[in-house]
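Let us walk through this protein one piece at a time. Keep the sequence and the 3D view open as you read.

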Amino acid sequence: MARQETAHSLKQEFDRRSFVVGGVMGGVGLLLAARMGYVAVAENEKYSLEAESNRVNLSLIPPRRGWILDRYGNPLASNRADFRVDVIPERLTDPHGEIETLGQLLRLDAARVADLHDHVDSSHSFQPVEIASGLGYEDFAAVSVRLPDLPGVVPQRGYTRYYPTGPSVGHLIGYVGAASAEEFDADPNPLLVTPGYKIGKDGLEKDFELTLRGVPGARRVEVTAQGRIVRDLETRDDVQGDPVQLTIDGPLQDYLSRRMGLESGGAVVIDCETGGILALASMPSFDPNSFIGGIGRLRWQMLNENDHIPLLNKAVRGLYPPGSTVKPMATLALQRLGIDPEERVSCPGGYQLGSRFFRCDAVHGVVDMRTAIEKSCNTYFWHMSHQVGYDAIAEVARLFGLGQEFDLPGTSQRYGTVPDSAWKMRRYDQEWSAADSLNASIGQGYVLANPLQLAVMTSRIASGRDLLPSLIFGQPKPLGPELPFTPEQMAVTREGMFRVVNGHGTAGVARIDIDGVKLAGKTGTAQVRTMVSRGHISDWASRDHSHFICYAPADNPRYAMAVTIEHGGFGSRAAAPIARDTMTYLFDPVAGIDILHRLEAGWGGTPQQRMAQEYASFAAAAGVTVPPSPEIDTRPQQVEAEARLPASAVTPPVAPTPAPTPTPAPAPTPPPTAADGEE
């Protein structure tokens with residue numbers, strides 16, 4: 001029977017449905033109200049912060065790096081206010097097009113634009129990439145007005161690292177650059193990906209990163225939804241990093257580096273009273289200013305293809321047979337073993353050992369210990385080392401710093417070899433031979449040292465103390481005890497070194513006499529290959545290395561020095577004149593600068609000028625036209641060599657002349673073998 005629908009039943013059904021729908025709607029309303037209450041009350045702070053974040057942009061201000069100072073408080077590395085442009089890859093809408101536009105606005109050469117494409121493609125999306133720094137206001141403004149069309153481009157005012165003497169301190173101080181992805185992964189500090197921030201990449205800049213870093217500032221600005229700045233709200237200034245003061249004499253460092261000229265090698269000057277390093281130079285070098293914005297591929301290729309290896313710090317990482325520079329040290333070892341300095345040895349022009357005749361450089365006749373140093377007679381040292389054995393000499397060599405690594409920040413040292421019978425057995429599983437003793441006694445064979453070690457050896461001979469080199473001013477290493485030699489024994493060695501320069505020895509070219517100040521020293525010529533012409537004859541890579549060690553004043557030593565010139569020929573030809581002129585500068589700056597300016601006029605200018613010429617030629621050979629280099633700041637700098645001149649003696653900068661044709665790259669050099677002679 002069909003159900004009868006009445007008005008009453010229809011009303012009841014409608015009421016039931018209305019109640020259900022109303023209940024559901026009421027429940028939803030209650031939920032919405034509860035949620036609104038929760039959001040408005042419980043999460044008020046969260047959403048207020050997010051709303052404020054959309055309205056206000058907070059950015060870090062990179063801190064200014066602490067200065068690196070020389071011993072007199074003058075900056076070797078400082079900061080310069082500048083305009084710069086960076087890009088953040090993840091914010092670029094058209095990376096290729098925007099970089100091309102920036103290249104046109106900033107007049108970047110094609111090589112630089114290509115480098116920027118590579119940097120943007122290889123960087124993390126959040127990692128800023130520097131486009132250009134050191135911009136003029138016009139270029140900065142040209143980019144700023146185009147910002148609506150260039151999302152991801154960040155022009156800003158800031159500070160950039162500046163090295164007043166450029167290549168003169170490249171190896172000593174290192175350089176800075178943007179943090180790599182690996183460095184950010186190791187230290188996920190937001191500061192590392194802040195546009196414009198640079199970290200230390202090498203040398204002292206890297207070792208003292210946390211000291212030099214400082215505390216970042218912050219800037220709050222009100223922005224539109226599109227990110228356009230409406231107004232500044234608040235700025236917190238950054239706190240500059242702490243300075244680091246070195247024992248380095250800034251003008252001396254610049255002079256020594258520049259005086260090395262077109263040569264390849266390393267040189268070190270040490271204070272004989274404290275052990276402080278006054279200069280540590282390696283040339284050719286690189287300009288750390290060119291690394292700040294990321295070095296371009298062409299410049300990097302130029303540095304890598306240079307056979308003089310400008311990226312190697314030869315003062316602490318270059319290892320060379322020290323040659324005859326070890327002979328003064330050897331005479332102290334011989335005296336310690338009871339050899340009478342007056343004992344005479346006949347030099348007929350060489351030494352017979354079994355069936356082999358070791359040839360000396362000349363027939364020296366009958367020589368005693370002092371004359372053996374003065375004339376650099378190999379026969380004398382061969383005779384004595386065969387008599388006493390080399391192991392005892394090796395012990396004294398270590399006492400004078402050879403084979404040691406010193407506690408110096410920012411230096412990655414290679415400490416070379418002081419061989420003996422136990423060393424050869426460990427290394428080659430062979431017995432030490434008499435021929436090994438003969439070679440080692442004149443600084444050849446297995447013996448290897450760096451210029452820093454030779455300078456330390458010289459400072460210990462000059463002072464008679466176990467001096468330790470230091471590099472941080474105000475933190476001298478404790479003065480070591482007096483060396484275990486009598487004053488009479490030290491006097492014999494020092495007299496021999498005095499006669500090398502001021503008598504009839506091998507370094508008359510190094511003679512100076514400035515208000516009674518005289519030099520004592522020792523030349524060294526380290527053979528690189530056998531069966532080739534000695535000295536300067538033959539191709540560059542086959543020539544002997546040139547060494548010279550010295551100290552001054554000879555009667556009251558204050559400065560000790562070692563110079564090593566790769567493939568420079570005889571020690572008296574290449575290394576000794578550099579040491580002579582540097583010592584001249586220390587005691588007579590006007591005379592020293594006059595010598596330097598005359599030499600630089602023939603070399604093609606200062607290192608910065610020569611590097612600019614070299615890069616322009618290299619780029620032209622690669623088919624790339626580079627814009628003219630910005631003019632070098634010719635205003636007097638406190639750490640330039642010229643800073644030591646009286647105002648009336650300052651001369652204008654050297655006009656550059658065309659650089660000489662570079663030497664062709666040589667074939668690889670085999671390890672040094674036994675030597676038959678020296679000087």
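Strand β18 is mostly covered, with eight of its eight residues buried. Buried means under 20% relative accessible area, exposed over 50%, and partly exposed in between, with a 1.4 Å probe and protein chains only. Strands (E, at least two residues) and helices (H or I, at least four) are DSSP runs, numbered from the N terminus.

This is a predicted model: local features need pLDDT of at least 70, side-chain atom pairs count only at pLDDT 80 or more, and totals for chains, interfaces and linings use all residues. Residues are numbered from 1 along each chain as its sequence is written, and side-chain values use heavy atoms, with hydrogens and water left out.

Stay with β18. H545, H547, I549 and Y551 point one way from the strand, while S546, F548, C550 and A552 point the other way. In a regular strand the side chains alternate between the two faces of the sheet.

What are the partners of β18? One is β19: β18 (residues 545-552) and β19 (residues 559-565) run antiparallel and are joined by seven bridges. Two strands pair if DSSP finds at least two bridges between them. H547 stands opposite T564 in β19. A hairpin of six residues links β18 to β19. The other partner discussed here is β17, which pairs with β18 in the antiparallel sense, again over seven bridges. There, T525 stands opposite S546 in β18.

β17 is mostly covered too: seven of its seven residues are buried. A520, K522, G524 and A526 point one way from β17, and G521, T523 and T525 the other way.

Now take in the whole sheet. Five strands form an open, antiparallel sheet in the order β12-β11-β19-β18-β17. Its edge strands are β12 (277-283) and β17 (520-526), each pairing on one side only. Neighbouring strands are turned by 5° against each other on average, direction ignored. Axes are lines fitted to C-alpha atoms, for helices over the stretch in contact, and angles run from 0 to 180 degrees between N-to-C directions.

Helices pack on this sheet. Helix α10 (residues 250-259) touches β11 (265-271), β12 and β19, and its direction makes about 30° with that of β12. Helix α21 (residues 575-587) touches β18 and β19, and its direction makes about 150° with that of β19. Contact means heavy atoms within 4.5 Å.

The protein has 23 helices and 19 strands. Of its 679 residues, 52% count as buried. Among contacts with a separation of 6 or more, 74% join residues 24 or more positions apart.

What about V20: buried or exposed? V20 lies in helix α1 (residues 7-42). It counts as exposed because its relative accessibility is 52%.
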